[in-house]
Amino acid sequence: FLKAEVKLDDGSIEPVAISDKLPDGSVKLTYVPSDAGGFQLLLSYAQMNLSKSVLKYLAVNMSAVQVTPPASYCQLKEYVMFTVNGLQQGDQKLSITAVHKAHDAVVKTTYDRNTAVVQFAPKCVGEYVVSMIYGSYHINGSPFLVTVTDPDACVVTSPPPYVVHINDLATLIVDTSRAGPGELACNPVSVADSPAVQLRVVKNRQDCCVLSSSTVGTSSMVVSWAGYSIPSPPLMVNFVDASKARWTCGHKM
């Protein structure tokens, strides 16, 4: 008769359930590991070991495997990095793919004990689908969606005017057609010797920011795409209140 046992790493032996014969004459072996770690399946028939009767396996605890993903947006030409913690010791390795509609990225994985660092360099803007399989199972959260953007591809095509009346609108237009996914943002930066400007974004679209201020003063602006600064000359806006100007000796003051 067929006998099946499991030998654990600590030397202990556990039984394996054997089903009745199936229609094709085979039987089904069932063993549910109670803990992570390596084990050997030992098979014998009529007290004789079968050929290739010692089979090695590794039980993995998938709930212990955790992934630290990258930021919401990643920059083109910079490495995208994941950190995987909680890997169990053994021969099991991660199987990882990073797929873009235009190409498959080359993935590099380095291991240090129970941790793996996964990296790839994106070549295109857009979305990459990153699948991580460990021990034949997807890691919690896999597949991951990575959004790659290129703020360097943004071009300021129409800067705001330097002088703007308070409560009027100043429009900044940026060509983002080649930058990939993202959002345009404009943040004020205080200028020395100038009153703080209460700058507000009246309207924010993918290609422009419409700005206004209810107070006078000069403001510098930092323009970003997907949270990254875009290449741009210094953008300054001087908000004035023409209603308070007065004429002296034929000149408006």
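**Entry 1: Phe82**

I looked up Phe82 and found it buried, with a relative accessible area of 1%. Buried means under 20% relative accessible area, exposed means over 50%, and partly exposed lies in between (1.4 Å probe, protein chains only). I note that this is a predicted model, where local features need pLDDT of at least 70, side-chain atom pairs count only at pLDDT 80 or more, and totals for chains, interfaces and linings use all residues. Residues are numbered from 1 along each chain as its sequence is written, and side-chain values use heavy atoms, with hydrogens and water left out.

**Entry 2: aromatic pairs**

How many aromatic pairs are there? I counted two. The rule takes rings of Phe, Tyr and Trp (its six-membered ring) whose centres lie within 6.5 Å; planes under 30 degrees apart are stacked, over 60 edge-to-face, and the rest tilted.

Phe82 and Phe144 form a tilted pair, 5.4 Å centre to centre, with 50 degrees between the planes. Phe82 lies in strand S9 (residues 80-85) and Phe144 in strand S15 (residues 144-149), so this pair ties together parts that are 62 residues apart in sequence. Strands here are DSSP runs (E, at least two residues), numbered from the N terminus; helices are H or I runs of at least four. Is Phe144 buried or exposed? Phe144 counts as buried, at 14% relative accessibility.

I then checked Phe120 and Tyr128. Their ring centres are 5.4 Å apart and their planes stand at 45 degrees, so this pair is tilted as well. Phe120 is buried at 1% relative accessible area. Tyr128 is buried at 0%.

**Entry 3: the sheet around S9**

I followed S9 into its sheet. The sheet is open and has four strands in the order S7-S9-S12-S11, with antiparallel pairing. Two strands pair if DSSP finds at least two bridges between them. Which strands stand at the edges? They are S7 (66-68) and S11 (107-112); each has a single partner strand, so one side of each is left without a neighbour in the sheet.

S9 and strand S12 (residues 115-120) run antiparallel and are joined by six bridges. I looked for Phe82 again: its bridge partner in S12 is Val118.

**Entry 4: the whole protein**

Of its 253 residues, 34% are buried. I also looked up contacts (heavy atoms within 4.5 Å). Among contacts with a separation of 6 or more, 54% join residues 24 or more positions apart.
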